[in-house]
Amino acid sequence: DNIDVAGLPTTGGALALEHSVLDRDADLVGRLRSAGAVVLGKTNLTELANFMTEGMPSGYSSLGGQVLNPYDVSRSPCGSSSGSGAAAALGLSTVTVGTETDGSIICPSDAQSLVGVKPTLGLVSGGGILPIATSQDCAGPMTRTVEDAVLLLAVMSGRDLQPVADALRGARLVLP
């Protein structure tokens, strides 16, 4: 058996979705492109929302390896969308998108000092996203500012969220 740097066994062969290329963008990617967004790439994520094994570290995939927390590499990047979190935290992209079943946007956002939003289920189309649970999974913004999160969510959902942005302007948020 081959063992990788995270101490987990590797497949030693091709991975099931390694060369999979869809014939169209996910619905939310189409919305982003229509709004003028430039898609820079796909970040690493925890395989299948970390439902593969109890011992898999957050941010690990056998194809991409281990995502590191850019603020402290000894700390977990947290959550399966930790690659999107690391890209935003490092400033590699102004905004990123994560998908969440249970903590995959919120956890890496907390661990990497970001604004993460898990939208109400159905607000953002799930078309073209491989879910773990259609009753829970949704895509949401992961950004460095509240304003960017509101703007990204507006485009992703196709709704006018300007009243929300206006209400947040000047607001002070406090976390214990």
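**Exercise 1.** Which residue forms a salt bridge with Asp25, and how many Å apart are the closest N and O atoms?

*Solution.* Keep in mind that this is a predicted model. Start at Asp25: its salt-bridge partner is Arg33, and the closest N and O atoms of the pair are 2.7 Å apart.

**Exercise 2.** Find the salt bridge made by Asp27.

*Solution.* The partner of Asp27 is Arg24, with 3.2 Å between the closest N and O atoms. Asp27 itself is partly exposed, at a relative accessible area of 31%. To finish, check the count: the model has 2 salt bridges.

**Exercise 3.** Locate the disulfide and work out what it ties together.

*Solution.* Look for the sulfur atoms of Cys78 and Cys107, which are 1.4 Å apart and form a disulfide. Cys78 sits in the loop between β2 (65–66) and α2 (82–89), while Cys107 belongs to helix α3 (residues 106–111), so the bond ties together parts that are 29 residues apart in sequence. Now compare their cover: Cys78 is buried at 16% relative accessibility, whereas Cys107 is partly exposed at 26%. The cut-off for buried is under 20%.

**Exercise 4.** Which residues make the nonpolar surface patch of about 630 Å²?

*Solution.* Pick out Leu17, Leu48, Phe51, Met52, Leu130 and Ile132. Then zoom in on Leu48: this residue lies in the loop between α1 (27–34) and β1 (60–61), and is partly exposed, with a relative accessible area of 42%.

Key. Residues numbered from 1 in each chain as written. Predicted model: local features only at pLDDT ≥ 70, side-chain atom pairs only at ≥ 80, totals over all residues. Heavy atoms only, no water. Patch = residues over 30% accessible without salt bridge, like charges linked within 9 Å, V, L, I, M, F, W, Y side chains within 5 Å. Areas by Shrake-Rupley, 256 points an atom, 1.4 Å probe, with all protein chains shown as cover. Salt bridge = Lys/Arg side-chain N within 4 Å of Asp/Glu carboxyl O. Helix = DSSP H or I, 4+ residues; strand = E, 2+ residues; numbered from the N terminus. Buried < 20%, exposed > 50% of the residue type's maximum accessible area, 1.4 Å probe, protein only. Disulfide = S-S within 2.5 Å.
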